[in-house]
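User: I've got a model open and want to check the strand labels against their criteria. Can we walk through it?

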Amino acid sequence: QVQLVESGGGLVQAGGSLRLSCGVSGGTFSRYAMGWFRQAPGKEREFVASIIWSSRNTYYKDSVKGRFTISRDNAKNTMYLQMDSLKPEDTAVYYCAAKRTSIGKYDFWGQGTQVTVSS
């Protein structure tokens, strides 16, 4: 079974930066399309960013464009989300996800890592 583990969350002041990591085991990481999602208290989970095979194939939620950068290191079986210029509205639990193809729903999910941005 594919396992995904997020790390790197924490507390940061507005304008600061964090880098989230998602380690993947139990599968062939290079074959997975990967994504980041987030869920704030009382709200639905929402898409943040995705990466298919490399940084040449990335997609972002409009509100994070120019601030967040998704990347992956297939040699390390790890996906990253570099978050700069963080805002209080970025506060949420961030989840990584994987899917076997570049289309369709995500098949595997991590347990999440908390990101809190204070004003």
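User: How many residues lie between strand 5 and strand 6 in their hairpin?

Analyst: Six residues lie between strand 5 and strand 6 there. Keep in mind that this is a predicted model.

User: What makes strand 5 and strand 6 a pair?

Analyst: Pairing takes at least two bridges between the strands. Strand 5 and strand 6 (residues 58-60) have three, so they count as paired, and they run antiparallel. In that pairing, Ser50 stands opposite Tyr59 in strand 6.

User: And how do you know that strand 4 pairs with strand 5?

Analyst: Five bridges join strand 4 (residues 33-39) to strand 5 (residues 46-51), and the cut-off is at least two, so they pair. The two run antiparallel, with Phe37 opposite Phe47 in strand 5. Their hairpin also has six residues between the strands, and Gly42 takes a positive phi near 75 degrees in it.

User: Which strands make up the open sheet, and in what order?

Analyst: That sheet has four strands in the order 1-3-8-7, with antiparallel pairing. From one strand to the next, the twist averages 15 degrees.

User: Why are strand 1 and strand 7 called edge strands?

Analyst: Strand 1 (3-7) and strand 7 (68-73) each pair on one side only, and that's what the label says.

User: What makes strand 3 and strand 8 a pair?

Analyst: Six bridges join strand 3 (residues 18-25) to strand 8 (residues 78-83); at least two are needed, so the pair qualifies. These strands run antiparallel, and Ser21 stands opposite Tyr80 in strand 8.

Note on methods. Residues numbered from 1 in each chain as written. Predicted model: local features only at pLDDT ≥ 70, side-chain atom pairs only at ≥ 80, totals over all residues. Heavy atoms only, no water. Axes fitted to C-alpha atoms, helices over the stretch in contact; angles between N-to-C directions.
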